[in-house]
Amino acid sequence: MKRIVLNALGPLVGALLAGGVFSLPAAAQTELKFGHVGAPGSLFDQSANEFAKRANEKLGDKAKVVVFGSSQLGTDEQMLQKLRLGTIDFALPSTVMSTVSDVFGLFEMPYLVKDREHMKRIADDVFWPSLAPAAEKQGYKIIGLWENGFRHVTTNTRPVETPDDLKGIKLRVPGGKWRVRMFQSYGANPSPMAFSELFVALQTGVMDGQENPLTQIHSSKLQEVQKFLSMTGHVYTPAYVTVGSRKWASLPADVRQVLEETARETQAFVYETAARMDEELETKLRDEGMQVNEVDKDAFVKASEPIYRDFSDEVPAAKTMVEKAVELGKSS
């Protein structure tokens, strides 16, 4: 009896569907989660949001990039794990990539990158040919090279003008052995710590200081818990638009093409925004109470010689990459 009734209703259901009286639910739009550790207003925040806006305009109803900042999806280390598991789609790691492959230690070498024009040449001649493939061997694909920025030291103890001024300072650094070893060679007591834990560590005195680009310092309000800003500019850190290789391969080819093209084209926006923020934020941090000082960069460069030796001795092809990057800087 039930079969007879259903068969009898079949033409009626078809007519109702055709007439739009009711319809079957549409397929859900694919949501692509993009996580980063930056606070609202940071360069990471502005960069990821600009990428999402541009990508979503092109993707239409094929997929939607949704940004989660302020470590909502985890620390850098946790997000790298989630990329490999496929539970998130994008992350924006920086220094922590040196834990994925030692060749990323190239961007841990002090005073290697002179300016953004130099960085563009390094990207073309060193990063894409050598570093990006190293990430793929570990299960990651990098689709864009953005920026974290030129890093500076802040402390609550004293201004830092030479490496000797760092002796004994408890300094928070991101994950990655080369940054730790660099500051150890300067005489500091560096400790890796998640960025999300930094403010409280400085506020409570667990750490005396830290080092970050101005955009991260200001957007995370570190000026509220730090007295001195020393313009060391000791390292330029890129940021890598990173996806998990397996999840990336599962996306439709046309979606991958839009995402990769958009990540590359967003780089110009990132560099322009970063340069403007560098100019603005030093003044803002002064106005908000930080004591700002210049440093003896020649002294820091000389004190950095051991870390270059270690990198060249321990990492295959490191010496070649460093020499190439230095050569590319001679025309800056």
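Modeller: What follows is a short chat about a predicted model.

Biologist: How do you know that strands E1 and E2 pair?

Modeller: Pairing takes at least two bridges. E1 (residues 30–35) and E2 (residues 63–68) are joined by six bridges, and they run parallel. Within that pairing, Phe34 stands opposite Val67 in E2. To get from E1 to E2, the chain goes through helix H2 (residues 43–59), and this β-α-β crossover is right-handed.

Biologist: Which residues have the most contacts inside the largest nonpolar core?

Modeller: Val65, Phe90 and Leu259 do, in a core of 101 residues. Helix H9 (residues 253–287) gives the most to this core, with eleven residues.

Biologist: What does Val65 touch, leaving out residues up to four places away in sequence?

Modeller: Its contacts include Leu32 and Phe34, along with Phe51, Phe90 and Leu259.

Biologist: Why is Glu108 called buried?

Modeller: Buried means under 20% relative accessible area, and Glu108 has 2%, so Glu108 counts as buried. You'll find Glu108 in the loop between strand E3 (90–91) and helix H4 (116–136).

Biologist: What makes the pair of Glu108 and Arg179 a polar contact?

Modeller: The cut-off for the N or O atoms is within 3.5 Å. The side chains of Glu108 and Arg179 make their polar contact at 2.8 Å, so the distance passes.

Biologist: Which other residues does Glu108 touch, again leaving out those up to four places away in sequence?

Modeller: Besides Arg179, Glu108 touches Thr95, Trp178, Met182, Val235 and Thr237.

Technical notes:
Residues are numbered from 1 along each chain as its sequence is written. This is a predicted model: local features need pLDDT of at least 70, side-chain atom pairs count only at pLDDT 80 or more; totals for chains, interfaces and linings use all residues. Side-chain values use heavy atoms; hydrogens and water are left out. Helices (H or I, at least four residues) and strands (E, at least two) are DSSP runs, numbered from the N terminus. A crossover is right-handed if, with the strands pointing away from the viewer, the path from the first strand over the helix to the second runs clockwise. A nonpolar core is a set of buried Ala, Val, Leu, Ile, Met, Phe, Trp, Tyr and Cys residues joined through side-chain atoms within 4.5 Å. Buried means under 20% relative accessible area, exposed over 50%, partly exposed in between (1.4 Å probe, protein chains only). Contact means heavy atoms within 4.5 Å. A polar contact is a pair of N or O atoms within 3.5 Å; within protein, one must be able to donate a hydrogen and the other to accept it, and residues adjacent in sequence count only if both atoms are side-chain atoms.
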